[in-house]
Amino acid sequence: DRVTDALWPDSDGDAAEQALRTTLHRLRKLLKHEQAVRLEDRHLHLDPLTLWADCLAFDRATHLPGMTDRVSMQRVLNRYRGAFLQGESAPWAVAFRERLRAQYMSMAERLGTLLEQDSDWVGAVDCYQRAIEVEPVAESFYRHLMNCYAKLGRRAEALAVYQRCRQALLARLGVSPTQETQTLYQLLADR
């Protein structure tokens with residue numbers, strides 16, 4: 001029902017149902033596989049043995065057991081291709097987009113923490129920069145990035161990260177960095 005309402009909002013039930021069946025038939029022909037998209041008990045399913053979708057692969061991979069080593073986490077993070085259906089405002093798309101983004105951010109935080117614990121400052125810098133690209137107002141990643149640059153002896157870059165954070169927060173949210181971030185900036189500036 002959600003699919004027919006979204007794709008054919010002006011059609012009545014029978015016409016929308018027929019449009020869906022016709023569209024599924026055409027889609028299966030394009031994909032050259034009858035079982036690629038199935039309609040069973042009024043539910044649509046993508047066959048994971050036939051079709052591969054980056055968003056679904058990322059979603060599944062974030063839930064795999066044993067996702068604790070750096071290599072596995074980096075491999076999973078590399079599957080994330082950005083916001084799911086950017087610009088789509090349907091509630092189902094927004095909810096899935098937010099879930100994927102939150103999974104990415106959580107795993108990036110775990111990976112960054114592991115890299116910092118191993119004193120892999122360059123790897124941590126890369127991890128935090130990517131996370132900031134995904135979520136430009138995730139202030140904690142800016143603080144982590146500032147600390148990593150400080151550990152690398154790159155004070156000017158650490159200070160520039162603060163300015164970037166400040167600008168992003170003001171432009172997108174109309175707020176200044178938290179006291180914690182400001183204090184870190186001041187500590188770095190006074191060195």
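Which residues does Phe96 touch, not counting residues up to four places away in sequence? Phe96 touches Cys55, Leu56, Asp59 and Phe84. Contact here means heavy atoms within 4.5 Å.

The views below come from a predicted model, with local features needing pLDDT of at least 70, side-chain atom pairs counting only at pLDDT 80 or more, and totals for chains, interfaces and linings using all residues. Residues are numbered from 1 along each chain as its sequence is written, and side-chain values use heavy atoms, with hydrogens and water left out.

**Figure 1. The whole protein chain.** The protein chain has nine helices and two strands. Helices (H or I, at least four residues) and strands (E, at least two) are DSSP runs, numbered from the N terminus. Their order from the N terminus is α-α-β-β-α-α-α-α-α-α-α. The C-alpha atoms fill a box of roughly 70 × 40 × 25 Å along the principal axes. The radius of gyration is 22 Å, while a compact globule of 191 residues would have one near 16 Å. That radius is taken over C-alpha atoms, and the globule rule is 2.2 Å times the number of residues to the power 0.38.

Figure 2. The protein chain exposes about 11800 Å², and carbon and sulfur atoms supply 52% of it. Such areas come from the Shrake-Rupley method with a 1.4 Å probe; for residues, only the protein chains shown count as cover. Of the 191 residues, 35% count as buried. Buried means under 20% relative accessible area, exposed over 50%, and partly exposed in between (1.4 Å probe, protein chains only). Among contacts with a separation of 6 or more, 46% join residues 24 or more positions apart. The 26 positive and 26 negative charges have mean positions 5 Å apart. Lys and Arg count as positive and Asp and Glu as negative; His and the chain ends are not counted. Each charge is placed at NZ of Lys, CZ of Arg, CG of Asp or CD of Glu.

**Figure 3. Phe96 in helix 5.** Phe96 lies in helix 5. Phe96 is buried, with a relative accessible area of 15%. Gln18 is 78 residues away along the chain, and the C-alpha atoms of Phe96 and Gln18 are separated by 27 Å.

**Figure 4. The buried side of helix 4.** Helix 4 spans residues 70-79, and its buried residues are Ser72, Met73, Val76 and Leu77. They lie on the same side of helix 4, because they cover an arc of only 130 degrees around the axis. The arc is that of the directions from the helix axis to the C-beta atoms. These buried residues pack against helix 3 (54-61) and helix 5 (91-117).

**Figure 5. Glu139 in helix 7.** Glu139 lies in helix 7 (residues 139-151). Glu139 is buried, at a relative accessible area of 11%. Leaving aside neighbours within four places in sequence, Glu139 is in contact with Cys165, Leu169, Pro177, Thr178 and Thr181.

**Figure 6. The loop between helix 5 and helix 6.** Asp120 is partly exposed, at 23% relative accessibility. Not counting residues up to four places away in sequence, Asp120 touches Arg70 and Leu115. Ser119 is in the loop too. Ser119 is partly exposed, at 45% relative accessibility. Phi of Ser119 is near 60 degrees, a positive value in a residue other than glycine. Most residues other than glycine have a negative phi.
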